[in-house]
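This report describes a structure in plain terms for a reader who is new to the subject. Please keep the sequence and the model in view while reading.

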Amino acid sequence: MTGNRIARAILVLFFIGLLATPFVIKRISSGRDADRSKADAKTALARHGFYLEEVSQAAGINFVHQSPKLDPKLDPIMPEVASMGASVSIVDFDRDGWPDIYVTNSAIGSKNALYRNMHDGTFKDAAGELGIADVNQAGTGVSTGAVWGDYDNDGYEDLFLIKWGRPELFHNDQGHGFTRVTEQAGLPPWINANTAIWLDYDGDGLLDLFIGGYYSEDIDLWNLTTTRIMPESFEYAKNGGRKYLFHNLGNGKFEEVSAKVGISSRRWALAAASADLRGSGHPDLFVANDYGVSELYFNDGKGFHEVGEQTGVGFAPKSGMNTAFGDILNQGRYAVYVSNISEDGILIQGNNLWVPKEGTTGDAIKYQNLARDFGVELGGWSFGAQFGDLNNDGTLDLYLTNGYISLDRNRSYWYDFSKVAGGNSTIIGDAKNWPAFEGRSLSGYQSKRVWLNDGAGKFVDVAQAVGATDTYDGRSVVLVDLWNRGVLDVVVANQNGPLLLYKNTVAPENQWIEFELEGTSSNHAGSNRSAIGAQVTLFWNGQQQVQEVSGGSGFAAQNDRRLHFGLGPNPHIEKAVIRWPSGKVQTIDKPAANQLHKMREPA
Amino acid sequence: MSRQTSTPVLPVQAQKTPWFSLDNRYIAPAFITCILLAGHLSFGILESYQKTLLAIATSIGLELVLGRVFFHKWVHPASAYITGISVGILVRSPAFWPYALCSAISITSKYVLRVKGRHIWNPSNFGISVMLFLAAETVATLSIQWGNYLLPMLVIWALGSVIIWRLRRFHITGIYVASFIAFAFIRSWMTGSPWQSEIAPITGPMYQLFIFFMITDPKTTVRSKRGQCLVVFLVAVVEMVLRLDQIVYAPFYALFVVGPTAMLIEIWVDSRRANAAKLTVTQ
């Protein structure tokens, strides 16, 4: 009898212990995963090696994004269907050696802006005078993103404008203006896309263009003939926009070859990016899809084959909204970061950090999701993210913006959202079945994440401590050394919110090195002038880090084409190895630290 | 969701001419396993087999240990298997520990939260509700991960109805579904939301597990058929109230509140009757 009582007492204690476990885990993880205290610049510098200061006003930028207003049939859920369009991309459009900033606007009649870098800490909008501001006119749709690439190899970056509407290609006239060449190029009359990237998929020295559709391209969102425009499923939808791959013919024209090369998905693409993930010499293509699994296309130089399930990245469906590559362990291999949705107690998808499995390489490469282990899993309703060494300590950190719809702080749409999202496809797929928003928020006013990499497999969120304290509905992030100081600044485009410039101040003992690459394409030999796809592997202090020039990454974003490496204090640089898209390999012995190295592809 | 009883007692006639040779004790586990496999093979609902296996292993392991210690016998694992697999399907978390913890809480609750020898909460309903209360930043439940297509649901409805009919508990499911639909239209009328949006949840996968396994659990439902109908109707009523307050997991919480309350009332009534009978015998 006594034994039974003791057993019962132990059982009750065990039960209480079980109930207390979540509190204990929460307490342990909150102490370990984040520095949530706000700190002044001096403290942040001492503690984390850098500090961010929002300087958009001082820099002469007062851009505020406006969301589109679509067909009145969508009025009840307008905040949701019109929740994207803010984007930012970096380009040195006039080749003056200073990065400029292009941002999109999304209301009919609103203007995009090209902020010319004035070299004195300020910017001046030059989009109007250059002819790339008034691009959201009625009947042509609105902008949702922009990517820059020198498609004709004349040395100047050209602009492809991603739209819900008529996409546009603008030729850069040597930095003095832009000429619209959409029809000559052979681009489609209408798309509803949020992502596009430049890549030279076939290695012919000419940049090709991939476009990932979101809404179906036969929908004019301002003149709907039906309200059945929504995804047929929250996680298994295949009724989105088509994909395009435009092969650059070299005469100002492009040929659409997606079906020919093996790309035929109709998932709801939100973020594509390209990098040579297998060391094959050909750029592979990763597409993060909303309402479904991600897709990974291996490229053999002539065609693609989809290997999402085979590699492990295309099995669990989530709400992919970002694709960024980073050599986070300094091993010469890329991890892939895909952002998703996490809302406490309602939907915990968790973001994905796809890290190559030990011992797998080449075509047999497999990925495992280590976001939880690395501490970069939960970021709210996550959108754009980019890897970059924010404190120049020699490891890549991760900046994530987030927040979906910030309206009434005290009323949430989540209940209605979850109600419909779980329903039958005939219900979820029709906008008229969705309850009205009525001014409610949906994962709004969220804190951003600035995850510092310790280089040993752990990231710690220091956003509040280092000054990234905004709570706007962030969409697009780029990292760029805006003022040629050897540090990565951060630019964030917010939906219905201001463009933010976070100026970075880094502890001076940490050193850096940057590379600006230029290909020398001619007669189908050599690399594209933008050097998109070129890889630099830097060897220093017994470690290595690989980075690749990108034709677009993150969410509706494009970082500066210059590659920035942090080195930590007292670096001993052994060499930098450049592998050009043409296949040429160039080695620079002992390149000097704290310098920008301008490299031209050798003949 | 666990079906805690060995088997509802079938009438003699049914026992003489069984149309289904499988021991009834295995019907529910077999059905839920089919649902899991169908869901996974068609939609890949399991992000990892390991998490589901962890939930099942924890559930069965703990049941065996606790049964041995407190009942001095090896308890049949069918019930724990259903609890484990339910947790494995319904809990959605990127982490592993919530699967083990939810299973452990579910099973342990059967041995701790007992009144007059009966446990009063459906184990997995208790475990999942507790996890949603206490670990909301890590745990959500299945709601959308089975796709949104009609065919899989029709298969589940057909199979589930046959099985639940066989187990003589179809009235519970039927009353609940009818009540839910009626209340959906009332909510639509009250809130102005499209009626389709109010009906939508019951067309999703989470509800199939709820209506076929959780609300019909023999061990945690009252005994009389009329009582069962009343209780499940009250579950739908409380769910409606919670839904009007925009509680996402209204069905779980409604059962969490109404189920044990009904059980306690029945235990209290049984106790009074027993006392009265004892008094009569004594006199």
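Which residues does Ala525(A) touch, not counting residues up to four places away in sequence? Ala525(A) touches Gly205(A) and Ser582(A), where two residues are in contact if their C-beta atoms, placed from the backbone, lie within 7 Å.

## The model and its confidence

This is a predicted model, in which local features need pLDDT of at least 70 and side-chain atom pairs count only at pLDDT 80 or more, whereas totals for chains, interfaces and linings use all residues. Residues are numbered from 1 along each chain as its sequence is written, while chains are lettered from A and ligands numbered from 1 in the order in which they are written.

The model has an ipTM of 0.85 and a pTM of 0.92. The average pLDDT of chain B (the predictor's confidence in each residue, from 0 to 100) is 84, and 86% of its residues score at least 70. Residues 1-20 of chain B have a pLDDT below 50, and this stretch has 40 contacts in the model beyond near neighbours in sequence.

## Loops of chain A

Ala525(A) is placed in the loop between strand S33 (511-518) and strand S34 (535-540) of chain A. Helices (H or I, at least four residues) and strands (E, at least two) are DSSP runs, numbered from the N terminus. Ala525(A) counts as exposed because it has 11 C-beta neighbours inside 10 Å; a residue is exposed with 12 or fewer other C-beta atoms within 10 Å of its own, buried with 20 or more, and partly exposed in between, the C-beta atoms being placed from the backbone.

Most residues other than glycine have a negative phi. Tyr291(A), however, has a positive phi of about 55°, and Asn392(A) has a positive phi near 55°. Tyr291(A) lies in the loop between strand S15 (284-290) and strand S16 (295-299), and it counts as buried with 27 C-beta neighbours inside 10 Å. Asn392(A) lies in the loop between strand S24 (382-388) and strand S25 (397-402), and it is buried with 28 other C-beta atoms within 10 Å.

## Chain B and its helices

Chain B contains 12 helices and 4 strands. Of its 283 residues, 48% are buried.

In H6(B), 10 of the 12 residues are buried, so this helix is largely enclosed by the rest of the structure. Among the buried residues are Phe126(B), Ile128(B) and Leu132(B).

Helix H11 (residues 225-244) and helix H12 (residues 250-282) of chain B pack at an angle of about 140°, with their axes 8 Å apart. Axes are lines fitted to C-alpha atoms, for helices over the stretch in contact, and angles run from 0 to 180 degrees between N-to-C directions. By class, this contact has 13 nonpolar, 1 polar and 3 charged residues. Ala, Val, Leu, Ile, Met, Phe, Trp, Tyr, Cys and Pro count as nonpolar, Asp, Glu, Lys and Arg as charged, and the others, Gly among them, as polar.

## Where the chains meet

The contact between the chains takes 43 residues from chain B and 43 residues from chain A. On the side of chain B that touches chain A, helices H3 (49-71), H5 (97-112), H6 (123-134) and H9 (195-199) each supply at least two residues. H5(B) gives the most, with 7 residues. The residues of this side of chain B divide into 26 nonpolar, 14 polar and 3 charged.
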